[in-house]
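The following exercises are to be worked through with the sequence and the coordinates at hand. Each task is followed by a stepwise solution.

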Amino acid sequence: MAQLGFYYDMTVCTSCKVCQIACNDKNNLEVGTLFRKVYNFEGGTFPKPWAYNLSIACNHCAEPKCTKNCPTGALYKREKDGIVMFDEEKCIGCKLCTWSCPYGAPKYIESKGKSGKCNFCVDLIDAGGQPACVEACQMRALEFGDIEELRKKHGNIADIKGLPDSGMTRPSLTMKPNKEAMK
């Protein structure tokens with residue numbers, strides 16, 4: 001099976017949050033619900049402060065905890081490309097997916113009484129397009145494609161400060177981190 005994934009270049013991300021907004025618009029999400037979120041990290045002391053941004057959504061992991069712990073099969077991996085899909089009709093709102101994902105990707109949507117998550121804009125991909133977040137990024141900090149090809153092109157870094165150990169779920173994510181973000 002091929003596995004689609006994301007590449008994120010934090011050295012050019014300006015934290016404009018356009019990717020986050022595009023995702024919210026595409027998915028018609030309520031205020032406060034984010035399938036893609038931009039985090040800002042800062043620290044250090046004068047004269048050596050540091051800061052970096054992290055844009056993250058569902059990592060469509062090779063070994064997703066959410067699919068393993070979903071009691072109804074509402075979360076599953078799509079055979080042809082490894083996208084972690086969500087079937088709202090099967091969701092019973094138990095929140096096990098939200099508790100299982102170390103990245104916090106599935107979100108409980110109170111008004112629906114069910115969870116929801118990034119589906120990699122599967123409708124856009126299937127039509128030959130790009131995910132809304134990738135398309136919207138003005139700095140081209142986001143890229144998507146076959147994760148092995150992205151890793152060949154950009155390297156294989158998925159462990160940075162602020163993220164859980166990649167060995168837990170084997171996320172389909174690679175990054176170009178700032179030096180401050182390295183563990």
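**Exercise 1: Charge and rings around Trp50**

The charged end of Lys161 sits over the ring of Trp50, 5.0 Å from its centre; a charge counts as over a ring if NZ of Lys or CZ of Arg is within 6 Å of the ring centre and within 35 degrees of the ring normal. The model is predicted, with pLDDT of at least 70 required for local features and 80 or more for side-chain atom pairs, whereas totals for chains, interfaces and linings use all residues. Residues are numbered from 1 along each chain as its sequence is written, and side-chain values use heavy atoms, without hydrogens and water.

Task: Determine how the rings of Trp50 and Tyr52 are arranged.

Solution. Step 1: the whole structure holds 5 aromatic pairs (rings of Phe, Tyr and Trp, the latter by its six-membered ring, with centres within 6.5 Å; stacked under 30 degrees between planes, edge-to-face over 60, the rest tilted). Step 2: the centres of Trp50 and Tyr52 lie 5.8 Å apart with planes at 20 degrees, so the pair is stacked. Step 3: ring pairs join Trp50 and Tyr52 with Tyr39 and Phe41 in a cluster.

**Exercise 2: Accessibility**

Task: Is Tyr52 buried or exposed?

Solution. Step 1: buried means under 20% relative accessible area, exposed over 50%, and partly exposed in between (1.4 Å probe, protein chains only). Step 2: Tyr52 has 3% relative accessibility and is therefore buried. Step 3: Trp50, at 26%, is partly exposed.
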